[in-house]
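Q: I have a protein chain open and would like to go through it step by step. Can we start with the overall picture and then look at single residues?

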Amino acid sequence: MTEPDPRDGLIRLEDLITGDLYTHIDPTNRASVIGWGLFFTVAHQIRAVLTLHQAGACGAASPNRRSALEHTITLRWCVDQGDRIGDIYNRKLRNDQIQLANTLRADGTKDRYQEGYAVLAETVKAVKESVSPDPNERLAKIERLMQGYGLARERTFYQVESRFAHPTLTGAQMFFKDDDEAFHVSQAPMHDEIVACQPYCLWIFHAAMLAFNEVLTDKPWTAELEKIAEEYGFMTTLPQWQGAEDLRTP
């Protein structure tokens, strides 16, 4: 039996992203608005992977493949968190802003960037006064999300891609190898991806669209996503949280 061409699936997914998609967003629902940004980050990273693939530079796409996967899993979590997701990310932003302000003070550059520093200080103050701590803030770390949803396969891909996205011996060894006969070096990567770029992109893009469809007002993609899932062997429902805590209730 002939396997369906992943390029056809990618085209069908792209066709679902119509120019009037914004009309399916509820601007009063923070999960919907944040989900928009998360989803289109995935779409942008998928485009980058496919562009590098077309240029024969698949090895350079590890950071993009990793980012697409990370944003897809976070998008799934966004669906579970609902409107609560905004407060969680504002708290995370506060922590980042504190670290940045501390760095500016330590470097002696606070006075040079007075306006920017004032914005940092105001942001930290506003979040502290208006946003309560949330136990699910710890889930902003992607590996905790993958573990909580039981995403063992995705976690493996993420960990492997991380070894190519950061300076490691694994990444360096893309360009050399030692066998019984000689030591070989190459100016191009010597390894193959765990999954070829196009099937990987189709898998991740479908998963992201399955999640994003849940926060669109009338779930317009449901029928086509189910057809593609059946043809390519993808999931038709979102992975469920396997931990004991309730993701929706503080």
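Q: How much of the chain is buried?
A: Of the 250 residues of the protein chain, 39% count as buried. Buried means under 20% relative accessible area, exposed means over 50%, and partly exposed is in between (1.4 Å probe, protein chains only).

Q: And where do these values come from?
A: This is a predicted model, in which local features need pLDDT of at least 70, side-chain atom pairs count only at pLDDT 80 or more, and totals for chains, interfaces and linings use all residues. Residues are numbered from 1 along each chain as its sequence is written, and side-chain values use heavy atoms, with hydrogens and water left out.

Q: How many helices and strands are there?
A: The protein chain has ten helices and two strands. Helices (H or I, at least four residues) and strands (E, at least two) are DSSP runs, numbered from the N terminus.

Q: In what order do they run?
A: From the N terminus on, the order is α-α-α-α-α-α-α-α-β-β-α-α.

Q: What box do the C-alpha atoms fill?
A: Roughly 60 × 50 × 40 Å, taken along the principal axes.

Q: What share of the contacts joins residues at least 24 apart?
A: Among contacts between residues at least 6 apart in sequence, 71% join residues at least 24 apart. Contact means heavy atoms within 4.5 Å.

Q: What about charges: how many positive and negative side chains?
A: There are 26 positive and 36 negative side chains, and the centres of the two sets lie 8 Å apart. Lys and Arg count as positive and Asp and Glu as negative, while His and the chain ends are not counted. The place of a charge is taken as NZ of Lys, CZ of Arg, CG of Asp or CD of Glu.

Q: Now helix H10. Which of its residues are buried?
A: In H10, residues 222-232, the buried ones are Leu225, Ile228, Ala229 and Tyr232. They lie on the same side of H10, because they cover an arc of only 105° around the axis. The arc is that of the directions from the helix axis to the C-beta atoms.

Q: What covers them?
A: The cover for the buried residues of H10 includes helix H1 (6-16) and helix H9 (197-213).

Q: How far is Ile204 from Asp180 in space?
A: The two are 39 Å apart, C-alpha to C-alpha, and 24 residues apart in sequence.

Q: Change of topic: helix H3. Is Thr74 buried or exposed?
A: Thr74, in helix H3 (residues 62-81), counts as buried at 10% relative accessibility. A polar atom of the Thr74 side chain lies 2.9 Å from the backbone oxygen of Glu70. Leaving aside neighbours within four places in sequence, Thr74 is in contact with Leu38, Tyr89, Ile142 and Leu145.

Q: What does the side chain of Gln81 make a polar contact with?
A: The side chain of Asn136, at 3.3 Å. A polar contact is a pair of N or O atoms within 3.5 Å; within protein, one must be able to donate a hydrogen and the other to accept it, and residues adjacent in sequence count only if both atoms are side-chain atoms. Gln81 also lies in helix H3 and counts as buried at 1% relative accessibility.

Q: And Asp87, where is that?
A: Asp87 is in helix H4 (residues 85-107). At 30% relative accessibility, Asp87 counts as partly exposed. The side chain of Asp87 makes a polar contact with the side chain of Arg30 (3.1 Å).
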